[in-house]
Amino acid sequence: MMKKGYLALLITLGTCSLSANTLAQTTLVHDVNGYTLVNGKLQTFNAIQFTDDKIDRLFTKDQTLPTANDITTIDGKGKTLLPGLIDAHGHVLSYGLSLLTADLTNTSSEQDAVSRAQAFIKKNPTDGWLMGRGWNQELWFSKQFPSKESLDKAFSANPVSFGRVDGHAIWVNSKALALAGISASTVSPEGGEIVKDEQGNPTGVLIDNAMNLVFKIIPDLNQQQLESTLTLAMDSLASYGLTSVHDAGISINNIKAYQQLAANNAMSVRVNGMLSVEDPRFDTVLKQGHINTSDDMFKVDSVKISADGALGSRGAALIKEYSDQPGHKGLMLYSDEQLGKLILRAMKAGFQVNTHAIGDNANQVVLNKYQSTIAKTDSKALRHRIEHAQILDLADVPRFAQLDVIASVQATHATSDKNMAENRLGKARLAGAYAWRKLLNANAVIANGSDFPIESPNPFFGLHASVTRQDHLNKPLDGWLAGEKLSRIEAFKSFTIDAAYAGHQEQLLGTLESGKKADFILVEDDYFAINPQQIWQNKVIATWVNGRQVFVKGEE
């Protein structure tokens with residue numbers, strides 16, 4: 001019997017790859033504190049055996065372990081073993097790019113963001129576009145959008161585009177505005193805003209659809225760059241204990257890159273891709289039908305639509321005006337007719353429809369469209385989703401279960417947004433804000449995620465936020481809108497079997513059972529036993545996907 005300690009494992013992506021010509025390899029991971037859900041109930045175990053990419057069985061401590069010489073054994077050293085965690089809403093390419101561009105997250109002021117970018121370009125000189133992301137004016141003392149002037153002073157030679165933390169606004173300099181042809185006379189596009197000063201001049205901030213005026217002139221990545229950026233992102237995601245992610249809004253070029261990576265056995269996490277309706281070849285993919293690789297590492301059977309913007313940039317579409325901006329109700333990104341046609345085309349083609357809706361008006365409009373179009377297409381079984389479902393009119397909460405619509409939420413948005421959200425909405429509308437408990441009580445299915453790179457992809461941050469409704473400083477004391485907390489099991493479900501269900505993969509993933517895929521993680525701390533305020537601090541020791549070890553702590 002071959003033995004390996006978990007810190008001594010030197011298995012690489014190349015040496016542990018499986019092919020049709022490889023003899024079946026059985027592995028036993030023993031001496032673990034294992035947990036999985038079976039029919040919604042928590043089950044414990046002490047060892048897991050898998051052959052190639054499939055689980056054979058679990059063993060409890062009173063059962064005898066196999067001792068065959070051809071079984072590779074790994075000593076778990078008593079650490080906790082969990083099903084691989086699933087992020088139901090992230091952006092893999094954007095995350096990969098964020099690892100390669102100026103990081104402006106948690107900057108304290110506009111000048112701090114500029115200084116951070118100056119340090120980045122000093123280490124990574126370029127005569128082309130300077131890209132970055134993560135600024136958030138709500139964390140600045142001024143609470144005001146930044147301006148092109150500070151960028152013009154610091155970066156006169158480069159066109160600059162810095163994305164807001166939520167991805168719904170960009171901050172650009174005068175050179176970028178000039179290249180995009182944006183001036184005082186440029187009219188804001190439908191579903192977007194060119195922010196202008198009192199004299200009518202662009203300030204350098206573009207919101208939602210107005211961002212496309214700049215995006216269309218930024219050179220696209222070539223196929224090799226796409227593949228390397230996706231690989232960088234997936235390897236990083238695996239290090240956080242994610243074994244599967246739902247990639248929210250990808251292009252056909254993105255799809256081709258994933259297919260090539262899958263063909264090369266070079267994907268370290270599973271990707272469930274949502275085709276972006278913004279891709280000009282959208283209808284071509286709909287006609288071709290669903291995509292699924294033979295090893296189930298990559299698939300596309302859903303589409304991503306964005307109905308409105310984000311709360312932080314006041315682009316989320318509200319029923320009533322913003323509390324901190326009278327007369328403004330946010331932005332719907334499509335006309336009522338356009339949105340209805342997109343949803344109908346996708347449902348008729350047999351694709352799951354996953355629509356971004358943050359404001360209560362956007363959620364209501366999307367639910368109305370879903371209700372009428374599901375009836376026309378008889379597509380209830382496709383489990384259509386609302387991505388974010390962030391601010392809900394209370395009357396709309398029961399409609400999720402009634403329509404079999406999944407609420408795809410991101411727990412850390414609540415703890416990041418808690419102060420800003422009350423400013424935007426006032427206290428009364430908080431009753432339907434980040435309302436996970438109300439959704440569960442109304443029998444909705446919740447799939448959890450992070451919306452990386454807007455938030456950290458670390459799923460233990462999301463589990464912590466779900467259970468405590470607190471930030472990492474344990475604030476507020478009892479949790480923000482504490483009545484909406486999830487139990488540990490409910491939160492665990494939302495990152496495992498319910499996220500798998502949201503991707504039509506519950507027969508393959510989400511629990512550790514015989515015949516399912518060997519996707520699991522070994523972690524330092526017992527999620528079900530530690531102080532709930534410490535959940536976010538848990539560390540991943542090793543990650544297995546499809547029976548391959550794709551991450552080992554200390555070998556990043």
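**Figure 1. Surroundings of Leu311 in the nonpolar core.** Excluding residues up to four places away in sequence, Leu311 makes contact with Ala316, Tyr322, Ile358, Gln390, Ile391, Met420, Ala421, Arg424, Leu425 and Tyr434. The structure shown here and in the following views is a predicted model. Leu311 belongs to the largest nonpolar core, which comprises 124 residues. A separate core of 16 residues lies apart from the largest one and includes Val29, Leu81, Phe520 and Ala542. In soluble globular proteins, nonpolar side chains tend to be buried together.

**Figure 2. Strand S20 and its two parallel neighbours.** Strand S20 spans residues 406-410, and five of its five residues are buried. Cover is present on both faces of S20: Ile406, Ser408 and Gln410 are buried on one side, as are Ala407 and Val409 on the other. Strand S19 (residues 385-388) runs parallel to S20 and is joined to it by three bridges. Strand S21 (residues 446-449) also runs parallel to S20, with four bridges between the two. Ala407 of S20 takes part in both pairings: Ile386 stands opposite this residue, and Ile446 is its bridge partner in S21.

**Figure 3. The six-stranded open sheet.** The strands of this open sheet follow the order S8-S9-S10-S11-S13-S12, and their pairing is mixed. Strand S8 (102-103) and strand S12 (192-196) form the edges, each pairing on one side only. Within the sheet, strand S9 (residues 130-135) and strand S10 (residues 160-164) run parallel and are joined by five bridges. Met131 stands opposite Ser161 of S10.

**Figure 4. Crossing of helices H6 and H7.** Two packed helices are described by the angle between their axes and the distance between the axes. For helix H6 (residues 223-239) and helix H7 (residues 252-263), the axes come within 9 Å and cross at roughly 70°. This angle makes H6 roughly perpendicular to H7, because values of 65 to 115 degrees fall in that class. The crossing of H6 past H7 is right-handed. On the H6 side, the residues that meet H7 are Gln223, Leu226, Glu227, Leu230, Thr231 and Met234. Their counterparts in H7 are Asn253, Asn254, Lys256, Ala257, Tyr258, Gln260 and Leu261.

Notes:
Residues numbered from 1 in each chain as written. Predicted model: local features only at pLDDT ≥ 70, side-chain atom pairs only at ≥ 80, totals over all residues. Heavy atoms only, no water. Buried < 20%, exposed > 50% of the residue type's maximum accessible area, 1.4 Å probe, protein only. Pairing = 2+ DSSP bridges. Core = buried A, V, L, I, M, F, W, Y, C linked by side-chain atoms within 4.5 Å. Contact = heavy atoms within 4.5 Å. Axes fitted to C-alpha atoms, helices over the stretch in contact; angles between N-to-C directions. Parallel < 35°, antiparallel > 145°, perpendicular 65-115°, else oblique. Left-handed = near helix turned anticlockwise from the far one by under 90°.
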